[in-house]
Amino acid sequence: MSDNELDRKDKKAGGPSQPEQGEELHQPETVSGTANKDIDFIKEKVKERPVNKRKLLKRTIITASMAVIFGLIACFTFLVLEPVFSNWLYPEEDPAPVQLQEEAANEEMLPEDMVLETESEEEKESTPVTSTVVQKIDMSVSDYQKLYSNLYKLVQDAAKSMVTVTGVVSDVDWFNNTYENKGQTAGLIVADNGKELMILTEKETVEQAEKVHVTFCDSTQVTATLKQSDPTTGLAVICVNLTDIAEETKEIIKAAKLGSSNSGSGLLATPVIALGRPMGNVSSVAYGMITSMDTVLNLTDGNYRLLTTDIYGSTNGSGVLINLNGQVLGIISQRNNSSDAKNLVSALGISDLKSNIEKLSNGQAMATLGIYGTDVPEEIQESQGVPAGAYVTGIVMDSPAMVAGIQSGDVVVKMGTEEITTFQEYNKEMMSLVPDSQITITIMRQVQDEYQEMAVDVILDTLK
């Protein structure tokens with residue numbers, strides 16, 4: 001079979017054929033080629049939108065501002081609610097109110113005791129009287145040394161209740177240079193409420209101080225804060241957190257033992273020791289005895305007994321007087337000395353100060369009515385018919401008493417529902433009251449030849 005015939009059969013059969021010379025070879029369009037044409041527009045480059053820097057900055061500022069606002073709200077909420085949740089989850093006990101020990105009452109003789117004493121006296125009379133021989137005791141220098149050595153041991157024990165209080169105030173000299181002015185005085189540890197240590201000291205040193213430091217007997221120093229002050233007596237109570245005191249110091253220091261300075265306690269000619277700063281120096285000590293306790297200071301709303309001694313000290317002295325049992329009898333106060341005895345150490349009797357110390361230690365402000373007064377002696381009651389009570393000897397200018405119309409010569413016989421028979425009872429009742437409280441005071445006023453009862457309503461003020 002010829003070649004031409006074979007080619008024709010291949011074409012009919014649909015088989016492949018070679019292109020003839022001079023013919024162009026055309027490739028058939030495939031499906032993939034068509035698809036590429038359909039998606040060519042997808043491959044076109046999309047132009048990005050330009051960044052608006054102003055809007056971006058604005059959004060950034062808004063976002064930051066909102067974050068700050070939410071942060072402040074969160075902080076404020078935490079500060080407000082944190083104490084609430086802390087107290088709820090970990091309740092903190094309130095410090096116990098300070099209450100000083102009561103003085104031992106004078107023992108009264110019972111009728112049966114009087115009978116027994118009479119019988120014993122009769123038995124003594126029936127027994128023969130024997131002569132008493134007084135033995136003379138000779139003391140050598142070594143005996144005196146032992147005596148003062150034992151006294152100093154007593155001082156060392158009492159000094160555990162004493163501190164040095166330093167008030168720091170910033171001042172400016174003539175050249176406009178700032179310097180610190182430090183004032184020092186003695187302080188007495190009077191109470192421990194379980195959270196704070198209460199220290200009685202002079203108001204003048206701590207009231208205007210920017211910082212107050214307390215130095216204990218072992219020379220350790222801590223920071224203190226003012227609790228409350230009493231303008232009448234010039235005393236103040238400062239407090240130190242117990243957590244700020246080292247355990248070693250806590251084992252050494254102690255609260256003072258308070259004695260009695262009442263007129264019936266027989267303190268005249270009692271040996272006493274002055275310690276603290278009686279000579280104006282830290283930890284100075286002096287020995288002597290009480291020479292007088294008849295002076296009574298008539299101060300606003302209260303009378304205070306002044307104990308004088310034969311101890312020659314500094315006019316700026318401070319500290320306490322203690323007896324030979326280590327009990328505090330008075331708080332040294334030199335500002336009340338007479339002009340001819342400026343350097344003799346004197347002290348306010350501790351019995352008259354106990355109510356003040358309790359109130360100051362509890363952080364309570366002192367209320368005032370604004371009167372000066374005294375007791376009405378029994379002979380005056382009987383001879384002149386003056387009723388028993390707090391006799392008003394003077395009125396403080398612009399005080400609640402003056403506003404209410406109370407006058408000199410009136411006798412306060414009742415405060416609220418409490419009967420008043422002495423000025424001491426009046427003072428004790430005043431210590432139980434708070435400023436800005438209203439109370440009805442019953443007075444007896446002399447009208448012609450008799451006393452008539454009157455009731456006045458008074459709003460108490462804060463003692464300044």
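## The second largest cavity

Strands E2 (178-192), E3 (196-202), E11 (318-322) and E12 (327-332) each supply at least two residues to the lining of the second largest cavity. Helices (H or I, at least four residues) and strands (E, at least two) are DSSP runs, numbered from the N terminus. This is a predicted model, in which local features need pLDDT of at least 70 and side-chain atom pairs count only at pLDDT 80 or more, while totals for chains, interfaces and linings use all residues. Residues are numbered from 1 along each chain as its sequence is written, and side-chain values use heavy atoms, with hydrogens and water left out.

The second largest cavity has a volume of about 80 Å³. On a 1 Å grid over the protein atoms alone, a cavity is a set of points where a 1.4 Å probe fits but cannot get out, and a pocket is an open set with protein on both sides within 12 Å along at least five of seven lines; lining residues have an atom within 4 Å of a point. Grid points are joined across faces, edges and corners, and a volume is the space filled by probe spheres set on the points. Among the residues that line this cavity are Met162, Leu188, Glu202, Val320 and Ile332. By class, the lining has seven nonpolar, four polar and one charged residues. Ala, Val, Leu, Ile, Met, Phe, Trp, Tyr, Cys and Pro count as nonpolar, Asp, Glu, Lys and Arg as charged, and the others, Gly among them, as polar. At least three lining residues come from each of domain 1 (160-251) and domain 2 (270-362), with bounds from an automatic or database domain assignment.

## The second largest pocket

The second largest pocket has a volume of about 450 Å³. It is lined by 22 residues, and Glu202, Glu204, Thr205, Asn316 and Gly317 are the closest to its centre. E2, helix H6 (203-206) and E12 each give at least two residues to this lining.

The lining of the pocket has four nonpolar, 13 polar and five charged residues. Domain 1 (160-251) and domain 2 (270-362) each contribute at least three residues to it.

## The largest cavity

The count comes to two cavities of 30 Å³ or more. The largest cavity has a volume of about 100 Å³. Of its 15 lining residues, Asp301, Met366, Ala367, Met431 and Leu463 lie nearest the centre. Strand E10 (302-312), H8, strand E14 (367-368) and H11 are the elements that give two or more residues to the lining. H11 gives the largest share, three residues.

Six nonpolar, six polar and three charged residues make up the lining of the largest cavity. This cavity lies between domain 2 (270-362) and domain 3 (367-462), because both give residues to its lining.

## Two positive phi values

Asp301 is found in the loop between E9 and E10. Its phi is near 65°, a positive value in a residue other than glycine. Asp301 has a relative accessible area of 5%, so it is buried. Buried means under 20% relative accessible area, exposed over 50%, partly exposed in between (1.4 Å probe, protein chains only).

Ser219, in the loop between strand E4 (211-215) and strand E5 (221-230), also has a positive phi, near 75°. Ser219 counts as exposed, at 59% relative accessibility. Most residues other than glycine have a negative phi.

## Helix H8

Ten of the twelve residues of helix H8 (residues 350-361) are buried. Among them are Ile350, Leu353, Ile357 and Leu360, and also Lys354 and Lys359. H8 is followed by Gly363, with a positive phi near 70°.

## Aromatic pairs

Rings of Phe, Tyr and Trp (its six-membered ring) pair if their centres lie within 6.5 Å; planes under 30 degrees apart count as stacked, over 60 as edge-to-face and the rest as tilted. The count comes to two aromatic pairs. The ring centres of Tyr148 and Tyr287 are 5.7 Å apart and the planes are at 70°, so this pair is edge-to-face. Tyr148 is in helix H5 (residues 141-158) and Tyr287 in strand E9 (residues 284-299), 139 residues apart, so the pair links distant parts of the chain. Tyr148 is partly exposed at 46% relative accessibility, and Tyr287 is partly exposed at 33%.

The rings of Phe423 and Tyr426 have centres 5.1 Å apart and planes at 35°, so the pair is tilted. Both residues lie in helix H11 (residues 423-431), three residues apart, about one turn of the helix. Phe423 is buried, with a relative accessible area of 2%, and Tyr426 is buried at 0%.
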